[in-house]
Amino acid sequence: MTDYVLRPIGHVESGLIDPAAAPRQPDEGAPEAWLILDERYAPALDGVTAGMDLLVLTWLDRADRDTLAIHRRGDVGRAITGVFATRAPHRPNPIGLHHIHILAVAGTRIHVGNLEAVDRTPILDIKPLLTPDR
């Protein structure tokens, strides 16, 4: 196996502190949040503007990397399912994928709506959401 080095480009700033209390999906009560990027990545934000939709990849640093199967949504009444068939945060490589809408950009701070990532979650990358007209 080969190891890969990932370097966070910033972190999430959010009122969500406890991972257990975080909504499972953005439309389940996730609050607005800020993506705080390291100043050295300022040039990479050229063209990122309010109104855009982005995909944000995060490192779910508080996840259990040994989990391979779960009961969906923690409901023991449901059958056990492999984590690759779910969006569960606990998985071998806990990479979070978040579709977000930009509310404002201020320097290297991006104000976004409905982000279910908890405070201080490392950000790995940001990509535009591609639509048929792009």
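**Notebook: the chain and its second largest pocket**

I began with the surface: the accessible surface of the protein chain comes to about 8400 Å², and 55% of that belongs to carbon and sulfur atoms (areas by the Shrake-Rupley method with a 1.4 Å probe). I note that this is a predicted model, in which local features need pLDDT of at least 70, side-chain atom pairs count only at pLDDT 80 or more, and totals for chains, interfaces and linings use all residues. Residues are numbered from 1 along each chain as its sequence is written, and side-chain values use heavy atoms, with hydrogens and water left out.

Next I looked up the secondary structure, and I found zero helices and eight strands in the protein chain (DSSP runs, at least four residues of H or I for a helix and at least two of E for a strand, numbered from the N terminus).

I then checked burial, and 37% of the 134 residues count as buried, meaning under 20% relative accessible area with a 1.4 Å probe, protein chains only.

Last I turned to the second largest pocket, whose volume is about 210 Å³ (the space filled by probe spheres set on grid points joined across faces, edges and corners; a pocket is an open set of points on a 1 Å grid where a 1.4 Å probe fits, with protein on both sides within 12 Å along at least five of seven lines, and lining residues have an atom within 4 Å of a point). Of its 14 lining residues, Ala44, Leu45, Val48, Asp125 and Ile126 are the closest to its centre. Strand S8, residues 122-128, gives the most to this lining, with four residues.

Note on methods
Buried means under 20% relative accessible area, exposed over 50%, partly exposed in between (1.4 Å probe, protein chains only).
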